[in-house]
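Welcome! Open your viewer, get your selection tool ready, and follow along stop by stop.

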Amino acid sequence: MAYSEVLQQVKKKQIKPVYLLYGTESYFIQNITKYITKAVLPDESNDNLSTYDLEETSIQEVIADAETYPFFGEKKLIIASNATFLKAKPDKLSFEHDLEVLSHYLTNPVEYSVIVLIAPYEKIDERKKVSKALKKNGVIAACNPIKDYELKSWITNLAGSLKITIEEDAYEMLETELSTDLHLLRNELTKLALYVGEGGVVTKEIAVNLISHTASNSSLLLVDAVIEQNLFKAISIYKDLEKMKEEPIGLIALLAFQFRTILRVKLLKQKGYSQAQMQKQLSTHPYVIKIAMSRESKFTVGRLQDIIVKLTEADANIKQGKMEKELAFELLLHDLVQP
């Protein structure tokens, strides 16, 4: 089942005896696990909670715990992570998992225990007998990263649950900066919701000022400063990055990546490539392409080539010790914002 389907069932307290959560999106795995824990152990007591690492503990020991009556309360919860035996090529361990014990338990689970198996892998081997038994008698939740085209809808739904609205031009920053980390995205949206209040609107200006800045996002802001020919803005962004201990050499590399991408997108656009074709050709994140496409019209090919030359020269001057790195970077910014 999809993550969202399983989560909705769990939120309604429709709890099953055995769950398998597999996939590489840790946010989804942790979120389902959190709601299962709330449903099974509403008093938030850890007395009936057991956690195991299946790379250190056998599945038969986990099942033995599940079949043991809880000391307090009506139910107990067992969370067992790293179910390597579900992979096509299981990891070699110092002990054997008796999967027959698990398969047998799945046909007749006890009423007082809930088991959550976690397999943080992109795929499991669905051909295995134990996988088929889990599919037939348990609940399997696929917790893989959301698709690129799903991100905006996901942000919108999350914003809706926080009772805030996000303006269209604020999505770009959220998508490009936070799309690969749903934990961070959730945290940043929560912070924005606290700032604007219930029913509030998140503008691009608010997002820029409040979202935790990283070097990657700040390199995009530097590109904007170059487009606007705003030296003061460029220097201010650089000073913020200095406080984050970002080195000029690394920032030059990030700027070079941004401008090379803009140049390549511009050249491909001139050849009639679509955004999807550009993504395939450049093998990069779709939002990187999207942003480059929104910026390429602000530059001529010659201007972009000149900027890349300036970045290369500044990089060489610093690495060869010809100029103090902070001064070299500030002079570079001055050169870049010139028309």
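Stop 1: Select Lys 129 and Glu 100: their side chains meet in a salt bridge, with N and O 3.1 Å apart. (A salt bridge here is a side-chain nitrogen of Lys or Arg within 4 Å of a carboxyl oxygen of Asp or Glu.) Lys 129 sits in helix α5 (residues 129-137) and Glu 100 in helix α4 (residues 99-107), so the pair ties together parts that are 29 residues apart in sequence. Helices (H or I, at least four residues) and strands (E, at least two) are DSSP runs, numbered from the N terminus. Lys 129 counts as exposed at 55% relative accessibility, while Glu 100, at 48%, counts as partly exposed. (Buried means under 20% relative accessible area, exposed over 50%, and partly exposed in between, with a 1.4 Å probe and protein chains only.)

Before moving on, a word about what you are viewing: this is a predicted model, where local features need pLDDT of at least 70 and side-chain atom pairs count only at pLDDT 80 or more, while totals for chains, interfaces and linings use all residues. Residues are numbered from 1 along each chain as its sequence is written, and side-chain values use heavy atoms, leaving out hydrogens and water.

**Stop 2: around α4.** Stay with this helix and look at its start, where a side-chain oxygen of Asp 98 reaches to within 3.2 Å of the backbone nitrogen of Glu 100. Now select Leu 102, Ser 103, Tyr 105 and Leu 106, the buried residues of α4. Seen down the helix axis, they fall within an arc of 160 degrees, so they line one face of α4. (The arc is that of the directions from the helix axis to the C-beta atoms.) What covers these buried residues? Show β1 (18-22), α3 (59-66), β4 (113-119) and α5, which are among the covering elements. Then turn to the face pointing away from the buried side, which carries the exposed residues His 104 and Thr 107.

**Stop 3: Arg 127 and Asp 125.** Select this pair to find another salt bridge, 3.0 Å from N to O. Is each partner buried or exposed? Arg 127 is exposed, at 66%, whereas Asp 125 is buried, at 9%.

**Stop 4: a longer reach in sequence.** Select Glu 247 and Lys 325, whose closest N and O atoms are 2.5 Å apart in a salt bridge. Glu 247 lies in the loop between α11 (231-243) and α12 (248-270) and Lys 325 in helix α16 (residues 325-336), so this pair ties together parts that are 78 residues apart in sequence.

Definitions and conventions
Arc of directions from axis to C-beta. Contact = heavy atoms within 4.5 Å. Polar contact = N/O pair within 3.5 Å; in protein donor to acceptor, adjacent residues only side chain to side chain.
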